[in-house]
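User: Hi! Could you walk me through this one? I'd like to start with the strands.

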Amino acid sequence: MDTNIPVTSQPRIVIVGCGFGGLRLAKDLANAPVQVVIIDRNNYHNFQPLLYQVATGALEADSIAYPIRKIFAGQENLFYRMADVQRVDTAHNTLETNIGSIRYDHLVLATGSLTNFFGIESIEKNAMQIKSVPNALNLRSYLFQNFETAILTEDPAERQALLNVVIVGGGPTGVEIAGSLAEMRNDVLPKDYPELDLQQMQIFIVEADGEVLGPMSKEAQVKSRAYLEDLGVQLRLSRKVQRYEEGKAYISDTEFIPTRCLIWAAGVNGSALEGLAPEVVTRNRRITVNPWNRVEGQKNVYAIGDVANMMSEEMPRGYPMLAPVAIQQAEQLAHNFKRLLRGDAPLDFKYTNKGSMAIVGRNRAVVDLPGNHTFGGFFGWLTWLFVHLMTLVGFRNKAVTLISWAISYFSTDKALRLIIRPYKRSDFKDDKGKARAEHNAQTPQYTPSVPTPSAPVVGG
């Protein structure tokens, strides 16, 4: 298939992925004498830090997504193609995609990350994810479908499993979705579901480390833990979910939490492409790069953001998989491309840590700034709102999000409790072994090879 990208005498820089890194790199090359080609399987850039608000009904999906073609309207040196990249052929400087081969002079991999299930098959097949807009919409539908089903069931144990939510992972994503769900349980759901005793709904965070928000300061960890406990979130620290079968999240061989909704927010892998030398792809699927973000062993292939594994004296295990790292690497790489075009040597990447933050709920957030400055509460909450609002792409998205937040704040309501596209799954079975729901390709049926042991209920 002909991709219809114009032939040019200028160097062609192909960017795979339009996340934070790919977006910034393409923008910073707007006035450079190069042809920029962006390839992404979606025709939009999505703001991942707010996906949990789509999942919990605080925002609609189009508030955090923006069309790629609209972002770059007027940038004459840029071309976008919606495609799935299958592999890279470094010997011939081409990408193999589902719409045909695309030639490059320089290739930049900004493919981001994928959920890491750590090889636990039952969790990979049965848990809910929150890495993309479709994931968030599926989770929103499934949460409210469970409430609707809970009204109909006469079995108290089954009703409890339908109401319980288990979140695996106490990082920012896990903490933020737990806080949002707790506020919804306390302020919103009792009005929608007066037939249900929503005080029975239990929200758990299961975290392998001894504290939530492990990468943040001790003060931020203590504050966030207090916020979560004040909202009624139950913490299971220094524990792991070992498997998830038939509505039971096992935290040991003899203990489980009954739940029909397990949300996996415990880890990510890089999204390396096929075709690269195996020795440059690490165990967690990140690509080893030098201080210029160039892939080891390559002359014209680069990687930035989550998929790039750049090690240094300060970061011997690689830079964290965070949006600020991706953005700064993109800015430095754009600068280096311009230097290369002038015949100058590229400069090494230097990361500037601008801090980290997480929101737990209304007037509850924690912020770590460089220099061991930590604050929280209302001021931290305002800081989190401002930073995320300003980082959103597009004036409309900023305006709609600000209005939605204002309405939610003053009315304690989240109006987007819509099941637009019912999410159907077949991984859970009833006692007779009959599938509880019809087949869904995203969540294939899973039958454990070992009989489920009898186990005491945790938090039932």
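**Strands and overall fold**

Analyst: Happy to! Strand E11 (residues 165-168) pairs with E12 in the parallel sense, over four bridges. Bear in mind that this is a predicted model.

User: Which residue in E12 is the bridge partner of isoleucine 167?

Analyst: That would be isoleucine 205.

User: And what does E12 join on to through its bridges with E13? Parallel or antiparallel?

Analyst: Parallel: four bridges join E12 to strand E13, which covers residues 234-237. As an example, phenylalanine 204 stands opposite glutamine 234 in E13.

User: What kind of unit do E12, helix H9 and E13 make?

Analyst: A right-handed β-α-β unit, with H9 spanning residues 218-231.

User: Is E12 mostly covered or exposed?

Analyst: Mostly covered. E12 runs over residues 203-207, and five of its five residues are buried.

User: Which residues are on each side of it?

Analyst: Ile203, Ile205 and Glu207 are on one side of E12, with Phe204 and Val206 on the other. They are all buried, so to count here each has under 20% relative accessible area.

User: Nice. Switching topic: what is the order of the strands in the open sheet of three?

Analyst: The order is E14-E15-E16, and the pairing is antiparallel. Strand E14 (243-245) and strand E16 (256-258) are the edge strands, each pairing on one side only. From one strand to the next, the twist averages 20 degrees.

User: How many bridges join E14 to E15?

Analyst: Three, and the two strands run antiparallel; E15 is residues 248-250. Within that pairing, tyrosine 250 in E15 is the bridge partner of arginine 243.

User: Zooming out, how many helices and strands does the protein have?

Analyst: The secondary structure comes to 12 helices and 24 strands. The radius of gyration is 23 Å, close to the 23 Å that the globule rule gives for 460 residues, so the protein is as compact as a globular protein of that length.

User: What box do the C-alpha atoms fill, and what share of residues is buried?

Analyst: The box is roughly 70 × 50 × 40 Å along the principal axes. Of the 460 residues, 54% count as buried. As for contacts between residues at least 6 apart in sequence, 64% join residues at least 24 apart.

User: Last one: what does UniProt list for residues 12-330?

Analyst: The unreviewed UniProt entry gives "domain: FAD/NAD(P)-binding" for them. In the model, that span is 29% helix and 24% strand, and its end C-alpha atoms lie 17 Å apart.

Conventions
Residues numbered from 1 in each chain as written. Predicted model: local features only at pLDDT ≥ 70, side-chain atom pairs only at ≥ 80, totals over all residues. Heavy atoms only, no water. Pairing = 2+ DSSP bridges. Axes fitted to C-alpha atoms, helices over the stretch in contact; angles between N-to-C directions. UniProt positions renumbered as here; feature names shortened; annotations may be inferred. Buried < 20%, exposed > 50% of the residue type's maximum accessible area, 1.4 Å probe, protein only. Right-handed = clockwise from strand over helix to strand, strands pointing away. Rg over C-alpha atoms; globule rule 2.2 N^0.38 Å. Contact = heavy atoms within 4.5 Å.
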